[in-house]
Amino acid sequence: KQHFRLAVIPGDGIGKEVIDEGLRVINHLEKSSNGKFSFETDYFPWGCEYYLENGKMMAEDGLEQIKNHDAIYFGAVGFPNVPDHVSLWGLRIAICQGLDQWANIRPVEFLPGVESPLNHPDRDHLNWVLVRENTEGEYSGIGGRNFTGRGPGKEVAVQSSIFTEEGCERIIRHAFELARTRKRKKVTSVTKSNAQQYGMVLWDEVFERVSKDYPDVETDQWLVDAMAAQFVLHPEDLEVVVASNLLADILSDLGSALAGSLGIAASANLNPDRKYPSMFESVHGSAPDIAGQGIANPIGAIGSAALMLENLGLQNEAELINKAIRETTKEGLLTADIGGKNSTKEVTDGIISHLSKIHDKIKIT
Ligand code: NAD
Ligand code: MN
């Protein structure tokens with residue numbers, strides 16, 4: 001019997017709403033596992049409300065409090081009364097960098113029954129995955145305001161990026177290893193190394209060196225502007241796409257929008273060394289524009305729960321969730337962002353009822 005301890009950080013806005021739905025799905029699987037595995041959840045009420053009361057986004061010893069859990073399940077942060085850079089740096093980035101979750105895996109999945117803006121003959125069979133460097137690059141936090149002290153109207157701000165050879169190498173290797181587990185075995189590296197001539201040229205050189213260790217994996221290298229167009233025009237050429245912190249962040253929103261909505265995209269912030277727990281969260285933010293209405297799409301968060309179970313060694317259960325999600329969208333149970341009329345809860349209920357049906361089928365055969 002396996003027992004897992006989850007640190008749950010719902011955060012703000014729809015983060016809280018979708019996390020509840022993911023946990024409902026996990027509870028359902030736990031109950032039908034006949035004691036094979038169980039979960040224990042510890043809640044951490046960190047986020048913008050916590051900040052307004054305590055002056056910080058998480059407890060002082062927050063990382064200590066969560067670093068011995070088996071996984072972290074995260075909603076989203078950000079609410080209009082707290083500056084976005086404060087909420088993001090104070091919680092999500094603090095955890096990713098503090099627990100060395102250096103690989104952010106963001107699959108782009110096309111779901112049956114979900115309208116996509118992409119007019120592609122092979123749409124239903126497209127899927128690729130973004131591998132995002134998650135601890136350095138453009139999110140180095142190094143810089144400053146009013147550098148020259150020249151005052152209002154003449155301010156100069158500096159924002160620096162850090163690219164370390166080790167940081168580049170580990171994420172690029174991770175992308176190659178992931179590609180080896182997939183059908184086509186292809187890695188696409190994305191930079192803007194024509195304009196960013198130090199860090200991103202280093203990235204390119206590391207990519208070329210590492211690729212020699214993977215002769216069985218096809219490679220190509222793109223500049224990010226051209227890659228944005230490629231996402232739209234020839235997504236069938238993509239399989240594993242590796243890029244820096246900022247570039248992969250932008251491309252992942254594009255990918256999920258092409259698949260129909262930000263609300264369906266799942267992600268895993270991995271510490272592949274397994275020294276610290278990994279963190280699982282949907283790609284979207286706290287969506288203040290729809291928060292509190294019960295209409296947020298729960299699929300991104302539920303898909304992230306599937307990535308979490310996979311990371312904990314429950315591959316079959318993870319696959320069951322993904323199957324149930326597809327059955328649910330196919331049936332037309334959809335939230336408004338993907339063209340439907342259903343509530344957050346109705347979509348989750350649909351997913352849970354498909355899980356039960358799949359379970360029953362497995363028991364019969
Ligand atoms: P967002 O992802 O919150 O929302 C963008 C748009 O997509 C909105 O119109 C929203 O309604 C829609 N959307 C997003 N998720 C949805 C879902 N599950 N179902 C239906 N519609 C959905 O991005 P934003 O508006 O740029 O940012 C809002 C806040 O979230 C900001 O404070 C930002 O800093 C924060 N943010 C946090 C994270 C994170 O915690 N990882 C990520 C991105 C943005
Ligand atoms: Mn983002």
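Which domains does the domain assignment of the chain give? The assignment gives domain 1 (1-109 + 261-365) and domain 2 (117-258). Color them separately. Keep in mind that this is a predicted model.

**Stop 1: the whole chain**

Show the cartoon. Eleven helices and twelve strands make up the secondary structure of the chain. The radius of gyration is 21 Å, close to the 21 Å that the globule rule gives for 365 residues, so the chain is as compact as a globular protein of that length. Of the 365 residues, 47% count as buried. Now think about contacts between residues at least 6 apart in sequence. Of these, 75% join residues at least 24 apart.

**Stop 2**

Go back to the two colors. The C-alpha centres of domain 1 and domain 2 are 24 Å apart. At the meeting place, 21 residues of domain 1 are in contact with 19 residues of domain 2. Select helix 4 (84-98) and strand 4 (103-109). These are the elements that give two or more residues to the side of domain 1 that touches domain 2. Strand 4 gives the largest share of that side, seven residues. What kinds of residues make up the side of domain 1 that touches domain 2? They divide into 13 nonpolar, five polar and three charged.

**Stop 3: the nonpolar core**

Select Tyr73, Val131, Val241 and Ala305. These have the most contacts inside the largest nonpolar core, which has 103 residues. Next, select helix 9 (residues 299-311). Helix 9 supplies the largest share of this core, eight residues. The core also draws at least three residues from each of domain 1 and domain 2. In soluble globular proteins, nonpolar side chains tend to be buried together.

Zoom in on Val241. Leaving aside residues up to four places away in sequence, Val241 touches Trp128, Leu130, Val131, Thr188, Val190 and Leu251.

**Stop 4: helix 1**

Select residues 14-31. This is helix 1, with 18 residues. Helix 1 reaches 26 Å from its first C-alpha to its last, close to the 26 Å expected at 1.5 Å a residue. Which residues of helix 1 are buried? Among them are Ile14, Val18, Ile19, Leu23, Val25, Ile26 and Leu29. The buried set also includes Glu17 and Glu21.

**Stop 5: two positive phi values**

Most residues other than glycine have a negative phi. Select Asn34, in the loop between helix 1 and strand 2 (37-43). Its phi is near 50°, a positive value in a residue other than glycine. Is Asn34 buried or exposed? Asn34 counts as exposed because it has 7 C-beta neighbours inside 10 Å.

Jump to Ala287, in the loop between strand 12 (278-282) and helix 9. Ala287 has a positive phi of about 40°, although it is not a glycine. Ala287 is buried, with 22 other C-beta atoms within 10 Å.

**Stop 6: Asn297**

Stay in the loop between strand 12 and helix 9, and select Asn297. Why does Asn297 count as buried? Asn297 is buried because 31 other C-beta atoms lie within 10 Å. Asn297 and Ser261 are 36 residues apart in sequence and 8.9 Å apart in space, C-alpha to C-alpha. Leaving aside residues up to four places away in sequence, Asn297 touches Ser261, Gly263, Ile264, Thr335, Asp337 and Ile338.

Notes:
Residues numbered from 1 in each chain as written. Chains lettered and ligands numbered in written order. Predicted model: local features only at pLDDT ≥ 70, side-chain atom pairs only at ≥ 80, totals over all residues. Core = buried A, V, L, I, M, F, W, Y, C linked by C-beta atoms within 7 Å. Buried ≥ 20, exposed ≤ 12 C-beta atoms within 10 Å, placed from the backbone. Helix = DSSP H or I, 4+ residues; strand = E, 2+ residues; numbered from the N terminus. Domains from an automatic or database assignment. Contact = placed C-beta atoms within 7 Å. Rg over C-alpha atoms; globule rule 2.2 N^0.38 Å. Nonpolar A, V, L, I, M, F, W, Y, C, P; charged D, E, K, R; others polar. Expected span 1.5 Å × (residues − 1).
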